[in-house]
Amino acid sequence: MEDICEGKEYSFPNQEEKTLRLWEELNAFETQLKRTEGKPEYIFYDGPPFATGLPHYGHILAGTIKDIVTRYQTATGHHVTRRFGWDCHGLPVEYEIDKKLGIKGKSDVLELGIGNYNEECRSIVMRYSQEWEKTVTRMGRWIDFQNDYKTMNPEFMESVWWVFKQLYEKGYVYQGLKVMPYSTGCTTVLSNFEAGLNYKDVSDPAVMVAFPLVDDADKASMVAWTTTPWTLPSNLVLCVNANLTYSKVRNKTTGAVYIVAESRLSQLPSTKTKGSSAAKVKADPAKDAPTDNGAAKKGDKKGDKKGAGHVAEQTTAPVDSSTYEVLDQCKGIALVGKKYKPLFDYFLAFSDTAFKVVADNYVSDDSGTGVVHCAPAFGEDDYRVCLANGVIQKGPNLPNPVDGDGKFTAEVPEFQGRFVKDADKEIIAALKANGRLLSVGSIMHSYPYCWRSETPLIYKVVPSWYVAVEQFKDRLIENNKHTYWVPDSVKEKRFHNWLENARDWAVSRTRFWGTPLPIWRSDDGVDTVVIGSIQELEELSGFKATDLHRHHIDHVTIPSPRGPEYGVLKRVEDVFDCWFESGSMPYAYIHYPFENQELFERNFPGHFVAEGLDQTRGWFYTLMVLSTALFDRPAFQNLICNGLVLAEDGKKMSKRLNNYPPPTDIINEYGADALRLYLINSPVVKGEPLRFKREGVYSVVKDVFLPWYNAYRFLVQNVKRLDAEGLEPFKPLDRAVLRQSPNVLDRWINSASQSLVTFVRQEMEAYRLYTVVPVLLKFIDNLTNVYVRFNRKRLKGRTGDGDSRVALSTLYFVLLTTVKAMAPFTPFFTEGMYQNLRLALPEAEESVHYCAFPEVESEMDKRIEQSVTRMMSVIDLARNIRERHNKPLKTPLKEMVVVHSDTNFLDDITGSLGEYVREELNVRNIVACNDLLKFASLRAEPDYSGLGKKLGKAMGLVAKEVKAMTQAQILEFQKAGEGTFAGHKLGFQDIKVINDFKPPDGVDKADIDAAGDGEVLVVLDLRPDGSLLEAGFAREVVNRVQKLRKKAGLEPTDTVEIFYDVHENVTGSDPSVLKRIFQSQASYMTETVGSPIVASQHLPHHAVIIASEEYHGVAGGSFKITLTRPALSFSMDLLSDLCSGDKACAENLTVVLRSRDPAKLRSEVSSNKKLKVAIDGLGEYEVEEGKHFFFSVADHVRARKV
């Protein structure tokens, strides 16, 4: 393996750029696809975005989820085709061109020419495609941009035609006149689900209007309340509820008489209320929120709400007796048929059937006045009620004085050319001038806006082509049951509710840039032909189409099947709603059924889709509608629905507000992997919102990648150490051999890595991406802070070369397994690590992304995994006790008792794990105990927060019985796992058992303390022990040495020699203890720092000093530590003897040997440790390592002792 830099010098973004170049050299994605050909197909549908805008965090999140799942499925033995798709048609594109060309309406387009207009649209469709490809690729996502699909391609459009014809032949298509959400900004009808995509809190006028009854003895007026004054010129009837009670009241001041619902009398303006004509009405959020039915419509039960919007319920109160007197009361049915004077005279032609009171149950008394004004062209219920009461007839002949741009027509000359919402004030002024206005105020409510043009929607009667979704709504609900969603709650609640309220879908749009409806009709409407393919069009018309857009086929006619005398059939002008196109994607992207029939039919429904929460009313819905209508099956099997990514302040991310960091900034600073892991380790993958924080991405680098990298670097350093020491190069040992390792931590980390693989497989099969990162985080923490930390001596070779290679091989394969398991999540980091790791394996794959996902290769040792977990709890608890009593780890303690009921764990903690615990906690002895009552008294406390709601008034009695439990009863409860208290059965989750520490008899509380976590209890003997003091001081010396190494910038694998010098003549200092420590604790210090600490008297004059520092106050003395490069040491007497007593010759020999490279010198020493050295003019001398010279001072000193 190649050497690598320190973590602080490692640039994740730069390394990712290198990895991108590697993938390009390997042609990695295409190679992966070729290598997996013939394997079972995994069908993934990629929802097409518009390329008219740049990618944002929402796109990056969804793309990351898709990439992780498809990489995983590839690694588990599937062939996964991944083609990027583009949504090319519809309002987003047309809206951009309208802005560019200054187009205000349909007439402007016709003047320009549909062909010119459509080609302008085509020219910008892929405006940002390069930016998309760059961002998607930089995020590490593997997807095919070269073989992408576009909804504007003839093949895609032809499949859309086929889908529509199938629906038509099944009887699911009809043309109808309905009141629908209408975008004046885009001059087209919208579907109900589109109307629910963009609600805003806005202020609208709220007016109360009088409608004088004809021939009423008291000259009474019906009073209606509305938030859409612009609909009043089109009023035809007033609607009441036949079963409600209505009151006739007189204003004592003005004498005016009004009729409203009895329960709404308080809403009449009061003379006591100053400024009532401008009263503000505050909306009730609970009643004013958007519903799953999309925008509320005029005539909704909540009151008189034209166009859209949810209106607040107003408080019901008794009539103001100082202002009004009640004259009479009657049921609503008694008002039916009464005629009233029209507000305006625009539609007097309808007088025979209109301007009367009708009744319908949709009218309620929870808001408004209990009287609803109806304008049939602008409210769904209005239209229905007027039709049912014979006010209007089916067909286009009804008051509809609003054009496609939302402006009044010549039918209402006073307001002609005014945008309806802008005309509100003028209409209110006209009502006031005519004496019809009772009050005017404003209301804050949630109102739907066009998701594309950001203009307020209105409801408007329009002719449209519909898919009769309500006919098969029950099948939609049933098919939804056969899909798997993450999170499940979105499927069972939000999506299920939406399906339950599914409405017929208006799929036609009076626009230009889209897939044209393949409907050809005769002028008299008798003949209708729906075309399902290019070939069928050619057969019927003789025209061979190569482009299916309007300007290429609008001229095409089809002879009438009734004969030439009936003329020809012409195509209807409309195009498809672009949601119909994206809902057809599973068929159209592979040009089904014209191509790929076997591929589709063997793999439908698709395996996986993923998009944001907003698509429950968008793409997810249209996929389900069309697949159910076509095949009575869902379009997909598995779905991940992510939430919204918000700015840190909780608001929507906005370029204008500049409240979020651009994605490129985050990627360039922290890397794409960090951003990927941050996003999927958040609530957003569970359908919840995420407040994006830059610090969160940094935390992933700090808490995940750097510890992971450091563990990997420690392996590389010690592999390189073998080379530096002239040992046999590293070659990983066979895994079967490693599984038999006697070392408990080897067995533990092998088992833990198998558990990680098992868990990741399990969670990925369940599409729970968000559960993986916390487990990975814990695993890496265990790898670095348990396995590497506790095995440093082994990994550094201090326990022998054989044992070191076992530890290194274990660490190697654990890292390799982790890299393969995490490759779908962090494709860059794992690739970089894998490229180095694979150098140690023959015939390794060229890329980690060619590797199969790790299999579970051996049985997991759950006992040792649990024991190590408990061991770490013991260590944490003991540290807490030390901190409470100001007993630092350098202070050795005599004994620790571990109390637990599991004897296997007690055997492990005192046996195979004992050495690690003793060293980590600096405690000499560990005692096991399985009798909890020896050190603790038990008491039980009920979980008040959880039980209070469940038990109610019984809580007090239950709590009393729980608290009264004896020790024996508590133990019995713990054994059984449940118990009955005051007639209520409770379990572990309801009762908390607390261990109160009880010192043993005869032991002072100050000398002992305990800590527990509800499972294990740790008891620490805090009494000082003189026999342990020297060990504590030795630990302090070691600590100083380690800090000096770090201060000098040394790596853990750097070999140095260490020298000490105890100062003799320092005032107030006693050198004797320190001298004794350096002698008595020499073996411990040598083992810990990896090198003997030698007295400075042996420091050779030629040694290269790296660092030196003096210390005071340790063991009552002062000392100096010096670090040097390893230096040759010589036995000058023996060299002199070798030179026949010639000291100059002996000195020359040391000069020659010191000039040689130590590593080469080691390799030159023969097996008998002898080496021939030639000195010019003096001859050749044979020196022996270990006799005449030594590779370190420590070796020389050790040899002298022997």
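I will take a helix, a sheet, a hairpin and a single valine in turn.

First, the source: this is a predicted model, in which local features need pLDDT of at least 70 and side-chain atom pairs count only at pLDDT 80 or more, while totals for chains, interfaces and linings use all residues. Residues are numbered from 1 along each chain as its sequence is written, and side-chain values use heavy atoms, with hydrogens and water left out.

Start with helix H2, residues 28–35. Helices (H or I, at least four residues) and strands (E, at least two) are DSSP runs, numbered from the N terminus. Which residues of H2 are buried? They are Ala28, Phe29, Gln32 and Leu33. Buried means under 20% relative accessible area, exposed over 50%, and partly exposed in between, with a 1.4 Å probe and protein chains only. These four residues cover an arc of only 135° around the axis, which puts them on the same side of H2; the arc is that of the directions from the helix axis to the C-beta atoms. The buried residues of H2 pack against helix H1 (12–26), helix H3 (57–75) and strand E2 (144–150). Contact here means heavy atoms within 4.5 Å.

Next, the sheet. Three strands form an open sheet with parallel pairing, in the order E16-E25-E24. Strands E16 (484–486) and E24 (606–612) are at the edges with a single partner strand each, so one side of each has no neighbour in the sheet. On average, neighbouring strands of this sheet are turned by 15° against each other, direction ignored. Axes are lines fitted to C-alpha atoms, for helices over the stretch in contact, and angles run from 0 to 180 degrees between N-to-C directions. Two strands pair if DSSP finds at least two bridges between them; E24 and E25 (636–642) have six. Valine 609 has leucine 639 in E25 as its bridge partner. Helix H14 (488–500) lies across E16 and E25, at about 105° to E16.

Now the hairpin. Strands E41 (1170–1175) and E42 (1179–1184) pair in the antiparallel sense over six bridges. Leucine 1171 is bridged to valine 1183 in E42. Three residues lie between the strands, and glycine 1177 takes a positive phi near 80° in this hairpin.

Last, valine 1197, in helix H42 (1193–1201). Is this valine buried or exposed? Valine 1197 is buried, with a relative accessible area of 14%. Leaving out residues up to four places away in sequence, valine 1197 touches Val1094 and His1098. Valine 1094 is 103 residues from valine 1197 in sequence, yet their C-alpha atoms are 8.0 Å apart.
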